[in-house]
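Please view the sequence and the structure below before reading on.

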Amino acid sequence: MPVPKSTVENSPRKLLRDVVLEKMLAAIQDGTLQAGERLNDDELVAWLGVSRTPIREAIAKLVDYGLVEMEANRYTRVASPTAEQYDDAFQMLFGIGELAARWSFPRFEDADVKAFGKILDDMRAHAEAEDRALNDDIDKAIAFMVAKSGNELLVKTSESLLNRAKFVRIGEPEFVFWDVAQALDGFRAAAKGRDGEAGGALVRGLGRAMAEHLATARAAKAAEA
């Protein structure tokens, strides 16, 4: 396994297992640790510069997220995402996003409206440039609304889902860009007006539009094959 030379430093503000988890999450999501790759304790210890205990605790969390799979006495490896898993995560992501918009927009303060507007600006720029960073923008928008929802159970539930959604995109390379101006303008107006019902409807509509574009891309790819 090719591993970076950098090590994880113990942070006084975080548990070591959480620092290790963040490092491993990033490595899985950027492809440093590839789908199907076996995770060897000795190599992980050498890479992360920590003992086996926080590594095993982080791996247990990754298993909960669905990013790592284990079978006793056989293997511990990075999971291999499928199109079906992508669709499940996609549906859940926008379902939670709809709830988060309904609950968060009425709670927005002026600073929240401004911060959310910055995320929308990034979405517009990345869509126009056909930059896949638009995926990350969508995650950020949903995570922001979740954080402002005032519902701790939603926050807790979304942690696993957002990480899983990022991961399963590895198995779904197709992405279609479209004119998002109308949707983003609607989000901006709903946030400014603290209109949760409008925000929820916009998330639902955006998810439906993205699903339709993805289905079209998949059909075109299948026809070429």
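Arginine 77 lies over the face of tyrosine 75, at 3.8 Å from the ring centre; a charge counts as over a ring if NZ of Lys or CZ of Arg is within 6 Å of the ring centre and within 35 degrees of the ring normal. The model is predicted, so local features need pLDDT of at least 70 and side-chain atom pairs count only at pLDDT 80 or more, while totals for chains, interfaces and linings use all residues. Residues are numbered from 1 along each chain as its sequence is written, and side-chain values use heavy atoms, with hydrogens and water left out.

A search of the whole structure finds seven aromatic pairs. Rings of Phe, Tyr and Trp (its six-membered ring) pair if their centres lie within 6.5 Å; planes under 30 degrees apart are stacked, those over 60 edge-to-face, and the rest tilted. Two of the pairs are listed here.

| Pair | Centre to centre | Angle between planes | Arrangement |
|---|---|---|---|
| Tyrosine 86 and phenylalanine 90 | 6.0 Å | 25 degrees | stacked |
| Phenylalanine 90 and phenylalanine 94 | 4.9 Å | 40 degrees | tilted |

Tyrosine 86 and phenylalanine 90 are about one helical turn apart because four residues separate their positions in helix 4 (residues 83–104). Helices are DSSP runs (H or I, at least four residues), numbered from the N terminus. Phenylalanine 90 and phenylalanine 94 are likewise four residues apart in helix 4, and therefore about one helical turn apart. Phenylalanine 90 counts as buried because its relative accessibility is 14%, and phenylalanine 94 is buried at 8%; buried means under 20% relative accessible area, exposed over 50%, and partly exposed in between (1.4 Å probe, protein chains only). Elsewhere, Phe105, Phe108, Phe116 and Phe144 form one aromatic cluster.

Most residues other than glycine have a negative phi. Glutamate 130, however, has a positive phi near 50 degrees. This glutamate lies in the loop between helix 5 (110–128) and helix 6 (133–147), and it counts as exposed because its relative accessibility is 58%. Arginine 194 has a positive phi near 55 degrees. Arginine 194 belongs to the loop between helix 8 (181–192) and helix 9 (196–224), and its relative accessibility of 25% makes it partly exposed.

How values were computed. Helices (H or I, at least four residues) and strands (E, at least two) are DSSP runs, numbered from the N terminus.
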